[in-house]
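Please look through the sequence and the structure shown below, and then read the briefing that follows, which is grouped by topic.

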Amino acid sequence: MNLWIADPVVTQALAAGLAAIFLLGALGKLREPLLFEAQLAGYALLPAPLLRPASWLLMLWEAAAGATLLTAPAHAPGLVLALLTVVTSARSEEHTSELQ
């Protein structure tokens, strides 16, 4: 069975692309942390005292997911971090749409 996904060039390219998405997303948030905090507050999921620590945690989490995806032996942990980030984002979007 010849799977193209098993090709190390393909997996490295996919990991690099996903890493770029997460790193650029984190960079945008890190440039304007107060804006991201305000956006997080808009979801109304957390009490006000937890917004700042949660916003920094999410920004750093996203950056860690991207950085981890760039290291070849650690693709699996990076992918897990990335998937957890996506699932968490999707759940908060779902919750927000229920509130509206």
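In helix α2, which spans residues 33–42, the buried residues are F36, E37 and L40; buried means under 20% relative accessible area and exposed means over 50%, with partly exposed in between (1.4 Å probe, protein chains only). These residues lie on the same side of α2 because they cover an arc of only 105° around the axis, the arc being that of the directions from the helix axis to the C-beta atoms. This is a predicted model, in which local features need pLDDT of at least 70 and side-chain atom pairs count only at pLDDT 80 or more, while totals for chains, interfaces and linings use all residues. Residues are numbered from 1 along each chain as its sequence is written, and side-chain values use heavy atoms, with hydrogens and water left out.

**Around helix α2**
- The buried residues of α2 pack against α1 (8–31) and α3 (48–69), where helices are DSSP runs (H or I, at least four residues) numbered from the N terminus.

**E62 in helix α3**
- E62, which is found in helix α3, is buried, with a relative accessible area of 10%.
- The side chains of E62 and K29 are joined by a polar contact of 2.9 Å.

**The nonpolar core**
- The largest nonpolar core has six residues, namely A19, F22, A65, L69, L81 and A82, a core being a set of buried Ala, Val, Leu, Ile, Met, Phe, Trp, Tyr and Cys residues joined through side-chain atoms within 4.5 Å.
- Two or more residues of this core come from each of α1, α3 and α4 (75–99).

Note on methods. Contact = heavy atoms within 4.5 Å. Polar contact = N/O pair within 3.5 Å; in protein donor to acceptor, adjacent residues only side chain to side chain.
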